[in-house]
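Please open the model in your viewer and keep the selection tool at hand.

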Amino acid sequence: MGVIESALADVADRVATAAADRVRTAGEEMRGGRSVRVDTKSSITDVVTAVDRDTERFVRDMLAELRPGEAVLGEEEGGAPGEGVTWVVDPIDGTVNFLYGYPWFAVSVAAQVDGVSVAGAVVEPVSGRRWTAARGAGARVDGRPLRVSAPTGLDVTLLSTGYAYRRDRRTRQAEMVAAMLGRVRDVRRAGASSLDLCAVAAGWVDAYVEHGLSRWDWAAGALIAAEAGAVVALPGEAADLGEDATFAAAPTIAAPLRAALVESGAAKV
């Protein structure tokens, strides 16, 4: 790890942790009776809250202070990659979980150079867990090194996945999952892609696949998984799985799992 990656990792951790504190407070206030505006985006199931927007603005302001002049690409306010470092931000990954009080959601902040993640942090507001990574330096949770699992075959592989907002695509994803259920130990769907990738890094699941993710969904989590030893393919890198597939798996089962996903119709999702 170079000095630059280390500095960027520190900023990502600091910003994501501060933002997660705000999200946690907002969640506690909601459960105490505070009303929060909720809007929809691409579909009725694709929701955004005032907390998402306020948190992204907080992150942008903090980055402007700590890393002035660098570009920011965020889920709620958009943006475009700039020269040098671009910060990729998901203010609340797992907004539906946040609304329901289901504690699997996080703030994700990553630094990319030429579209490649070099540092990132995923912080859980409820548990306080801090998942971090810098390119070439490994991945950690709360400072402890992470390492992926080593399942001996598909029959003992725990696979994580997720579903799109559009009904037609969800149906195709469900068909793929149905075809996989007889091939793997079981399938999990928790609802926050950044944390699903972190779960691969921790060995809590053996693999993860999902179609249709945006850059802010995977920018930090995919780096954390890769630095923990996972085989990772990002959108545009695995045509056999579909042009917008994200894939992360323990090396011991990555190849047979990828083949099984292809046979189960992943490219048609």
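Which residues does W218 touch, not counting residues up to four places away in sequence? Select W218 together with Q112, S117, L197, L213, L223, L234, P235 and T246, for these are the residues that W218 touches, where contact means heavy atoms within 4.5 Å. Before going further, note that this is a predicted model, in which local features need pLDDT of at least 70 and side-chain atom pairs count only at pLDDT 80 or more, while totals for chains, interfaces and linings use all residues. Residues are numbered from 1 along each chain as its sequence is written, and side-chain values use heavy atoms, with hydrogens and water left out.

**The cores**

Next, select V122, W131, L146, L195, V200, W218 and I224, which touch the most other members among the 35 residues of the largest nonpolar core. A nonpolar core is a set of buried Ala, Val, Leu, Ile, Met, Phe, Trp, Tyr and Cys residues joined through side-chain atoms within 4.5 Å; buried means under 20% relative accessible area, exposed means over 50%, and partly exposed lies in between, with a 1.4 Å probe and protein chains only. At least two residues of this core come from each of β5, β7 (130–134), β8 (139–141), α5 (193–202), α6 (215–218) and α7 (221–227), where helices (H or I, at least four residues) and strands (E, at least two) are DSSP runs numbered from the N terminus. The element that gives the most is α5, with six residues. A second, separate core has 31 residues, including A19, F98, V107 and A121.

**The aromatic pairs**

How many aromatic pairs does a search of the whole structure find? The search finds two, counting rings of Phe, Tyr and Trp (its six-membered ring) whose centres lie within 6.5 Å, and calling planes under 30 degrees apart stacked, over 60 edge-to-face and the rest tilted. Select F98 and F105, whose ring centres are 5.3 Å apart and whose planes stand at 75°, so the pair is edge-to-face. F98 is buried, with a relative accessible area of 3%, and F105 is buried too, at 3%.

Then select W131 and W204, whose ring centres are 5.2 Å apart with planes at 80°, so this pair is also edge-to-face. Because W131 lies in strand β7 and W204 in the loop between α5 and β12 (207–211), the pair ties together parts that are 73 residues apart in sequence. Buried or exposed, how does W131 count? W131 is buried, with a relative accessible area of 1%, whereas W204 is partly exposed, at 43%.

**Stops in the loops**

Select R185, in the loop between α4 (167–180) and β11 (186–188); this residue is exposed, with a relative accessible area of 52%. Leaving aside neighbours within four places in sequence, R185 is in contact with L154, D155, V156, T157 and L158.

Move on to D114, in the loop between β5 and β6 (116–123), where phi is near 55°, a positive value in a residue other than glycine. D114 counts as exposed, at 75% relative accessibility. D142, in the loop between β8 and β9 (144–145), likewise is not a glycine and has a positive phi of about 50°, but D142 counts as partly exposed, at 34% relative accessibility.

Finally, select Y102, in the loop between α3 (95–100) and β5 (106–113); Y102 is partly exposed, with a relative accessible area of 44%.
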